[in-house]
Amino acid sequence: MHALNGELCVRCRGGRNLCGLPYCPVIVKILASELRIDNTDIYGSSPPSLFIGRYGYPYVRVGPAIPPEVGDTSIYDLPEMWLNMSLNEILGFRYSLIRGTYITSISSLNSKHVSHLQELALTLRPVDIELTFEKKPKPKIYLDEYLPPQGPSAPLKDFKIVGNLLSDKRLEKVFYDTDLRASKGAVRLYNSDVPISAIQKLFSVGGLGTVRSRRLVPTRWSITAIDSIISDYLVSQVKKLPIISSYMLYVRSFMSNLYIGILVPRAWSFEWIEAWFPGSTWNRFGVNAEVEGDYEGFRGRDKYPEIGGCYYASRLASAEALLKMKRQATVILWREIYEGFDLPIGVWFVRENVRAMFKEKPEVFKSIEDLINYLRDFKYSRIPIDTWIKKSYIMRIILKQESIDKYLS
Amino acid sequence: MKLTFADARVWRYIIAGVSKFIEFGLMTVSEEGLTFKAIDPSRVSLIEMYMPRESFEEFELGNEFEVMISVEELGRILRSSEKDDKISLDLRESYMTIKFERKGVVREFVIPLQTGSEAESIPELKLELNNMFKISGLLLYEGINSIEGLGDVLTMKVYDEDLSLIVRSDLGEAEVVFSTSSGTLIEGEVNEPNVEVSYGLEFFTYVKPAMRISESVSILLGSEMPCKLIFDLPQNVKMNYYVAPRVE
């Protein structure tokens, strides 16, 4: 965490982000210190929230999470609703979620605790739960590039669903269809307007797929798997659509992040590149901005992108936007992450920001050269356009293409 | 003005591919026949379709006509055409009626037109291309089909009298060779040997439906030049398709 300047903090008092961070380190520090839990029994309303770990696979740490409060906590585990909230608020309620975990095999789907977890994954409403821990939860917080921030945890002794649990009919239908492949089930739920985060939860508790293929899937993997499955489906639909008729530029600046989206009137291909500035999450000790990315042509990829899960999260949001336009395009996405954005908070942040960016009105250009010239004078981007082009495989492909205009008499 | 064409399939196959990458095209009807011209939005390819007067069963022309038509809209309508359908076009001031007729049953669709100043004129394309290869449409379709999964760039290479289609990518390299000696080329005329030019593969996949029903396709190539594909379609319909090269 950043070294704080006392004078700035006094002037800001956690409300104006004068230090340049998208969250207040003082508030976060206070929140973390308040995590001390003196009981081994906790009662509260789970949003619902559950966690499947990945260490030790195929024997993984699993369990539910609850805040020590009762009421409508659904927003605590619904990233689709977090974009307009401050990072302080998000960290605040995420840190209040206490996890009880125990170790089980990924194939033990019939145990009592896993059945309870599946029941939790079948509802979209908060559920009252009683957790009994073997010892007091450690006041530790857990941050991950893929997952939303996680609160304290302790080994679980017992786990009871106390309140009434009302299953969502859409989730239930897919859960009980054990002849339905996981990918088809996920797409069916997405098309029935079930939030992506709920589909990811159901998948992680072995609630999707044919009976023999069902198993527990670490939360981190299930997030990317569902983004990948649903974006594959959306891209297959996009590929059937007519191509856009001009070059479009979208820009979004949010919480020390800049997103640039370029739509090119060509068949579907996709690229996601990130530039991490010194002092940002994954470039804390560097001197220069580190630029990395991955791409796919019309036929897709046959290897997992090195850049990770944010590739599929942004691909999903891009394909959604094109389907809404009823158009096909080549999508180039560039993201600049500035100093101060130094907490990994999960790929939801990328998915929701790209979704929000494509809801804005684009700048429209007749040629790629016009668009590049506009970006060259673009005052918000801190990476020179020539550096972006050098790093962008798809942009270089487009720029290597001659225009037929050159040959028209 | 009313035009009737005996086989709606020809229209359907051409427009099915074209509507994927072209939004609007310029349609001109004159004493000679009907022409359709369009440039794709990325301005890489140009398409010219020519249907002579003789290819129509019925050709009633009042005034000469020049209109922009929505290829997407036309494609959507043509998807409903079936084998043995006749297609009739009735062009009015601001709309066009498309009729399909089969065994006495008539289906009628109306699409709006953009006329006058909104019509984009497309200049002539004059190229000096010294190599020509004539291939069966179906063979070319199968050739493109077999290698398109491997990459995004298609390289055309001229050997002595042969033509190679090559796709290279991280996955490897795929090559399809057409030659007169193997009988896969109907005709080959090479005046500029050792030519190697690359193009965006996607621009060839768009016209695959037209390749499939063409009696033959002539490929004209020159060094660092656009390639020209001449499609010999049923009922004397001709289609010229130009794709600008890539600078590798």
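Predicted model: local features only at pLDDT ≥ 70, side-chain atom pairs only at ≥ 80, totals over all residues.
A polar contact is a pair of N or O atoms within 3.5 Å; within protein, one of the two must be able to donate a hydrogen and the other to accept it, and residues adjacent in sequence count only if both atoms are side-chain atoms. On the side of domain 1 of chain A that touches domain 4, the residues comprise four nonpolar and two polar, with no charged residue.

These two domains belong to a division of chain A into domain 1 (1-30), domain 2 (31-161), domain 3 (169-233) and domain 4 (247-408). Six residues of domain 1 of chain A and nine residues of domain 4 of chain A make up the contact. The area buried between domain 1 and domain 4 of chain A is about 510 Å², and carbon and sulfur atoms account for 58% of it. Taken over C-alpha atoms, the centres of domain 1 and domain 4 of chain A are separated by 31 Å.

Elsewhere in chain A, helix α4 (residues 112-121) is mostly covered, with seven of its 10 residues buried. The buried residues of α4(A) are A:H113, A:V114, A:H116, A:L117, A:Q118, A:L120 and A:A121.

Chain B is divided into domain 1 (2-119) and domain 2 (131-243). The contact between them draws 23 residues from domain 1 of chain B and 16 residues from domain 2 of chain B. The centres of domain 1 and domain 2 of chain B, taken over C-alpha atoms, lie 27 Å apart. Between domain 1 and domain 2 of chain B, about 1,700 Å² is buried, 70% of it from carbon and sulfur atoms. Of the area that domain 1 of chain B buries against domain 2 of chain B, 29% is supplied by B:Y13, B:F21 and B:E48, more than by any other three residues.

Three residue pairs are in polar contact between domain 1 and domain 2 of chain B, both residues being at pLDDT 80 or more, while the number of salt bridges between domain 1 and domain 2 of chain B is zero. On the side of domain 1 of chain B that touches domain 2, the elements giving two or more residues are α1 (8-18) and β4 (45-52) of chain B. Strand β4(B) gives the most to this side, with eight residues. By class, this side of domain 1 of chain B has 14 nonpolar, four polar and five charged residues.

The contact between the two chains takes 25 residues from chain A and 38 residues from chain B. Chain A and chain B bury about 2,700 Å² between them, and 51% of this area is on carbon and sulfur atoms. A:R299, A:I404 and A:Y407 supply 24% of the area that chain A buries against chain B, more than any other three residues.

Four salt bridges are counted between chain A and chain B. A salt bridge links A:R266 with B:E202, where the closest N and O atoms are 2.9 Å apart. Residue pairs in polar contact between chain A and chain B, with both residues at pLDDT 80 or more, number 15. The side of chain A that touches chain B consists of 13 nonpolar, five polar and seven charged residues.

Key: Residues numbered from 1 in each chain as written. Chains lettered and ligands numbered in written order. Heavy atoms only, no water. Domains from an automatic or database assignment. Contact = heavy atoms within 4.5 Å. Buried area = accessible area lost by both parts, 1.4 Å probe. Salt bridge = Lys/Arg side-chain N within 4 Å of Asp/Glu carboxyl O. Helix = DSSP H or I, 4+ residues; strand = E, 2+ residues; numbered from the N terminus. Nonpolar A, V, L, I, M, F, W, Y, C, P; charged D, E, K, R; others polar. Buried < 20%, exposed > 50% of the residue type's maximum accessible area, 1.4 Å probe, protein only.
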